[in-house]
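Trainee: I have the sequence and the model open. Can we go through the ligand sites, the interface and the backbone exceptions in turn?

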Amino acid sequence: MNIVVCIKQVPDTTDVRIDPATNTLIREGVPSIINPFDMYAIEEALRLREKLGGKVTVISMGPPQVTEALKEAISMGVDDAILLSDRAFAGADTWATSYTLSMGIRKMGGADVILCGKQAIDGDTAQVGPGVAEFLDIPQVTYVKKIEQIDDKKAKVWRMTEEGYEVVDTSLPAMFTVVKEINEPRLPSLKGKMKAKSFQPTIWKAADIAADEKNIGLNGSPTNVVKIFTPPVRSGGIILQGDINEAVATVVEGLKERQII
Amino acid sequence: MSDIEIIQDKCVGCGACLSSCPYGAITLQDNLAVIDDDKCTLCGACVSSCGFDAILIRKDQVEKADISDFKGVWVFAEQKNGQVQSISYELMGEGRKLADALGVELAAVIMGHKIGDACQDLIWRGADKVYAVDDPALEHFCDEPYARIMADLIKEYKPEIVLGGASTIGRALIPRVAIKARTGLTADCTSLAIDEEKRILLQTRPAFGGNIMATIICPNHRPQMATVRHKVMKEAECDKTRQGQIIKKSFDKATLASRTSVAQVVEEATNMIKLTEADIIVSGGRGMKAPENFTLVENLARAVGGAVGASRAAVDAGWLPYSHQVGQTGKTVAPKLYIACGISGAIQHLVGMQSSDCIIAINKDPEAPIFKVASYGIVGDVFEVLPALTKKLQETCGK
Ligand SMILES: Cc1cc2nc3c(=O)[nH]c(=O)nc-3n(C[C@H](O)[C@H](O)[C@H](O)COP(=O)(O)OP(=O)(O)OC[C@H]3O[C@@H](n4cnc5c(N)ncnc54)[C@H](O)[C@@H]3O)c2cc1C
Ligand SMILES: Cc1cc2nc3c(=O)[nH]c(=O)nc-3n(C[C@H](O)[C@H](O)[C@H](O)COP(=O)(O)OP(=O)(O)OC[C@H]3O[C@@H](n4cnc5c(N)ncnc54)[C@H](O)[C@@H]3O)c2cc1C
Ligand code: SF4
Ligand code: SF4
């Protein structure tokens, strides 16, 4: 089975600190990591390979430094990695990102299963998985928390919903975007680390994947970010310390005043 | 090719842009900002941070789609068992405002099977027109036929704005529609407004796990599409005197075909009040220490008729199922009252609950970030405060 995992390198948003003087984010020195949800996608791909045989390839679009993320994937046991890197890809919104990734996957000769994370923790849109599926004209199941059954033609998977989950049957090839409930990602093995050390990903530029320049990067992106700002902080309330019964009485009084109870 | 440039004559080397770059691509060299192309993703975050207009992103002249004949605001209405979902009422409320600001019609699109009452309901909630597709094949949400139909309808009727819910359905469906329609889609918006001069939609959304807000536009393509987060917009009122038109559409077999099918629907947490619909939520975090201690949280919830939520730490520990998780990767809630018990207030938790009307935080650490968003903060041990608060509320509410 041919399995492709789309992975994105992201700044570690859990490591973001606030500068107390200016109330702005301190982003210098924030490490880059593989998008956490993509780790689950990699793990699931490796498990599918263990069960069904085949090959796992990761693909990423981004600047040259993404090589580090691809090496990390290799150290976990991924067979091969492809980096779509060209200054012309920069500034892509989800439309152009989905287009570019789909052209890369076409160039690879397609796949039986394509896995994405549920969402990236920087852009946070969750739109790229469905976007790639649409460009490749394949079915998709989002928010997958379990692959119950799979062979080379079809799969039965669990899609998480607001109320619980749905069991969905799909034909393959298909796109699955995965949530963290699906598995527990493994740590890199020693052998993997050795392989990663000397590994260099195949790098494809726009011309290599026959990408139409009208559809890539900033030029191909219908959306523009016009403003970025830090969210307004909620104005502080009352902090009650000391006697608990007094504190409780004050709070209940306040709730009555606000007509909440 | 598009690119980014620091205009050296304008840059004063103040360094304000450095912290705005999420990818650490900007450094100061000889008192000038320098951008490292190997790191820069052209995301645009730095441009508005410079008070001296020194950062310029050049976008090549792009082909403009002909956008002049796109008119009207559309809402994709979700239904389950023929019942319109509350997120769609919120979209109707917001859609009505946008349509009025633009002086155009508001239409709803609904798909399903036996949805007659839902169509009428959408008119009462503000729709001038309802495009309805009723077919047994559409009873359950299915990505492919839903996306094809939505894209076909857009092509035929050319709305200028299309809104969908940022729900599991909306987040699966709307991106596929946007690709088909060759247009932009802004995810998970928390605020929408019209720039009346340019007649464009200003779409504001949190990104980077709620650390920043971004305003996004789609200037040259139509429709302008957005998914909207649940519980941030106000539901449209139901006015049974409203009139509107229901337009029934039907589609051929090929359009209705799907390579996926739902074999089974499983509902979890059925005996609990639905988290996103609850007026009062009591949530517990790692500070509750053990699963059995959640009875304290449940007792408090019962005393006030509320639902039970949890931080991710509590869910990861297996104390409560995922369906109870509040936050970036859980549910966004905005109840009248949110009580956080033994929750530190990590940004990923805060983005899911900070638009609650009133927040009570109980934590033994006076420095816990949760107190920054609290209307009332009680510094104390949950094992003492919760029983006391429950008792007091039982007395008060029981009266
Ligand atoms: C503040 C801000 C707000 C933005 N808002 C929007 C918006 O509303 N609409 C919009 O269209 N664009 C938006 N963008 C642009 C968007 O972030 C980029 O297009 C990005 O490349 C992909 O989107 P994402 O990070 O949301 O990924 P998601 O769609 O959340 O990612 C889902 C999965 O897709 C895969 N994936 C995503 N990107 C890549 C990649 N580069 N390489 C390989 N796999 C990948 C991964 O498996 C990932 O887990 C925004 C950017 C910024 C900085
Ligand atoms: C990509 C990503 C997504 C995430 N999404 C979410 C999300 O959706 N929702 C979410 O909640 N988190 C999310 N997180 C995790 C988040 O960063 C925090 O780790 C988590 O919210 C912490 O949960 P907590 O507050 O219960 O635990 P902790 O941070 O450990 O806090 C426990 C608190 O309890 C207090 N305490 C301890 N004992 C007592 C006592 N006896 N009495 C009173 N107080 C006590 C402590 O002072 C402390 O403040 C996400 C993280 C990442 C990286
Ligand atoms: S904020 Fe503007 S002026 Fe200041 S260093 Fe950056 S580019 Fe130069
Ligand atoms: S465009 Fe984005 S990545 Fe590039 S320098 Fe500016 S903020 Fe950094």
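Trainee: How many residues surround ligand 1, and which are the closest?
Mentor: This is a predicted model, in which local features need pLDDT of at least 70 and side-chain atom pairs count only at pLDDT 80 or more, while totals for chains, interfaces and linings use all residues. Residues are numbered from 1 along each chain as its sequence is written, chains are lettered from A and ligands numbered from 1 in the order in which they are written, and side-chain values use heavy atoms, with hydrogens and water left out. A residue is near a molecule if one of its heavy atoms lies within 4 Å of it. Ligand 1 has 36 residues around it, the closest being Cys6(A), Lys8(A), Asp38(A), Thr94(A) and Thr125(A).

Trainee: Why is the site of ligand 1 described as shared?
Mentor: The elements that give two or more residues to its shell are β6 (55–61), α3 (94–107) and β8 (113–117) of chain A, together with β11 (185–189), β13 (200–207) and β14 (212–217) of chain B; helices (H or I, at least four residues) and strands (E, at least two) are DSSP runs numbered from the N terminus. The site is shared because the residues around ligand 1 come from chains A and B.

Trainee: Which polar side-chain atom lies 2.5 Å from an oxygen atom of ligand 1, and what share of the ligand does the protein bury?
Mentor: The 2.5 Å pair involves a polar side-chain atom of Lys8(A); a polar contact is a pair of N or O atoms within 3.5 Å, and within protein one must be able to donate a hydrogen and the other to accept it, with residues adjacent in sequence counting only if both atoms are side-chain atoms.

Trainee: How does the shell around ligand 3 divide by class?
Mentor: The residues around ligand 3 include Cys11(B), Cys14(B), Cys17(B) and Cys50(B). Ala, Val, Leu, Ile, Met, Phe, Trp, Tyr, Cys and Pro count as nonpolar, Asp, Glu, Lys and Arg as charged, and the others, Gly among them, as polar. The shell holds ten nonpolar, two polar and no charged residues.

Trainee: What area do chain B and chain A bury between them?
Mentor: The contact (heavy atoms within 4.5 Å) takes 106 residues from chain B and 92 residues from chain A. Buried area is the accessible area that two parts lose on being put together, summed over both. For chain B and chain A the value is about 9100 Å².

Trainee: How many salt bridges cross that interface?
Mentor: A salt bridge is a side-chain nitrogen of Lys or Arg within 4 Å of a carboxyl oxygen of Asp or Glu. Arg87(A) forms one with Asp3(B), the closest N and O atoms being 3.1 Å apart. Across the interface of chain B and chain A the count is eight.

Trainee: Which parts of chain A does the pair Arg49(A) and Asp79(A) tie together?
Mentor: These two residues form a salt bridge with closest N and O atoms 2.9 Å apart. Arg49(A) lies in helix α1 (residues 36–52) and Asp79(A) in the loop between α2 (67–76) and β7 (80–84), so the pair ties together parts that are 30 residues apart in sequence.

Trainee: Which residues does the cis peptide bond in chain A join?
Mentor: Most peptide bonds are trans. Pro173(A) sits in the loop between β11 (164–171) and β12 (174–178) of chain A. With omega about 0°, the cis bond joins Leu172(A) and Pro173(A).

Technical notes: Buried area = accessible area lost by both parts, 1.4 Å probe.
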